[in-house]
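User: I would like to learn how to read a few features in a structural model. Can we work through them one at a time?

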Amino acid sequence: MAGKTRVAQYQADRTNQKLYFCRLACKAAQDAENKQLYQADCETAIFHLQGALLAFLQELSHYYGLSAVQPTLESIKRELSERTQISPEILQLEQLLQNGFLAEVMRAYERCQYAPKPDAVVGMMTPEAGAKQSSSDLIVNVVTLSNQWLPDDATIREWRQQFLDLIEQLRGGMAEY
């Protein structure tokens with residue numbers, strides 16, 4: 001992407017920055033000394049992967065000269081369709097979001113957003129224990145009970161590498177016009 005405009009370079013740098021933050025979070029997870037820190041670092045890595053997808057959508061929106069400030073896959077497709085254009089990048093992202101590693105990333109991201117039902121945690125305790133339990137103990141219990149769905153740091157690192165490879169491939173096919 002030689003000869004990029006300053007704005008295009010910013011968009012690419014933002015995508016790269018989110019992928020870098022994901023790498024740092026994976027490293028922190030690998031080095032975490034307890035289960036709670038490990039979960040927090042893995043969730044952070046997942047958040048940054050999702051952020052990298054959003055940043056790359058902004059990059060694509062800028063590349064195609066679209067007006068959306070917060071573009072989505074659908075908004076980019078719609079605006080390009082109005083211009084009778086298609087985007088091979090969007091088609092590939094769409095496919096991977098339906099059935100590929102990006103679909104797995106988005107499922108993990110969605111699971112990070114929703115806490116387990118409070119009665120599921122409280123129901124596992126006696127009423128006396130629930131009454132005596134402090135809020136910090138409850139947080140530890142929620143973390144301990146709810147992280148079985150969480151992908152491990154190696155899986156997240158693999159997703160990051162797949163996304164990095166995909167972005168490099170897609171950027172290779174993109175040219176400023």
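User: About how many helical turns separate Asp31 and Lys27 in helix H1?

Analyst: This is a predicted model. Asp31 and Lys27 are 4 residues apart in H1, which means about one helical turn between them. The two form a salt bridge, with the closest N and O atoms 3.0 Å apart. Asp31 is partly exposed at 46% relative accessibility, and Lys27 is partly exposed at 46%.

User: Which parts does the salt bridge of Glu59 and Arg171 tie together?

Analyst: The side chains of Glu59 and Arg171 meet at 2.7 Å, N to O. Glu59 belongs to helix H2 and Arg171 to helix H9, so the pair links parts 112 residues apart in sequence. Glu59 is buried, at 3% relative accessibility, and Arg171 is buried too, at 11%.

User: How do the axes of H2 and H4 cross?

Analyst: They come within 11 Å and cross at roughly 160°. Angles over 145 degrees count as roughly antiparallel, so H2 is roughly antiparallel to H4. The crossing is left-handed. In H2, Leu53, Phe56, Leu57 and Leu60 meet Glu89, Ile90, Leu93 and Leu97 of H4. These contact residues comprise 7 nonpolar, no polar and 1 charged.

User: What is the phi of Thr84, and is the residue buried or exposed?

Analyst: Most residues other than glycine have a negative phi. Thr84 is not a glycine, yet its phi is positive, about 55°. Thr84 sits in the loop between helix H3 and H4 and is exposed, with a relative accessible area of 74%.

Methods. Residues numbered from 1 in each chain as written. Predicted model: local features only at pLDDT ≥ 70, side-chain atom pairs only at ≥ 80, totals over all residues. Heavy atoms only, no water. Axes fitted to C-alpha atoms, helices over the stretch in contact; angles between N-to-C directions. Helix = DSSP H or I, 4+ residues; strand = E, 2+ residues; numbered from the N terminus. Parallel < 35°, antiparallel > 145°, perpendicular 65-115°, else oblique. Left-handed = near helix turned anticlockwise from the far one by under 90°. Contact = heavy atoms within 4.5 Å. Nonpolar A, V, L, I, M, F, W, Y, C, P; charged D, E, K, R; others polar. Buried < 20%, exposed > 50% of the residue type's maximum accessible area, 1.4 Å probe, protein only. Salt bridge = Lys/Arg side-chain N within 4 Å of Asp/Glu carboxyl O.
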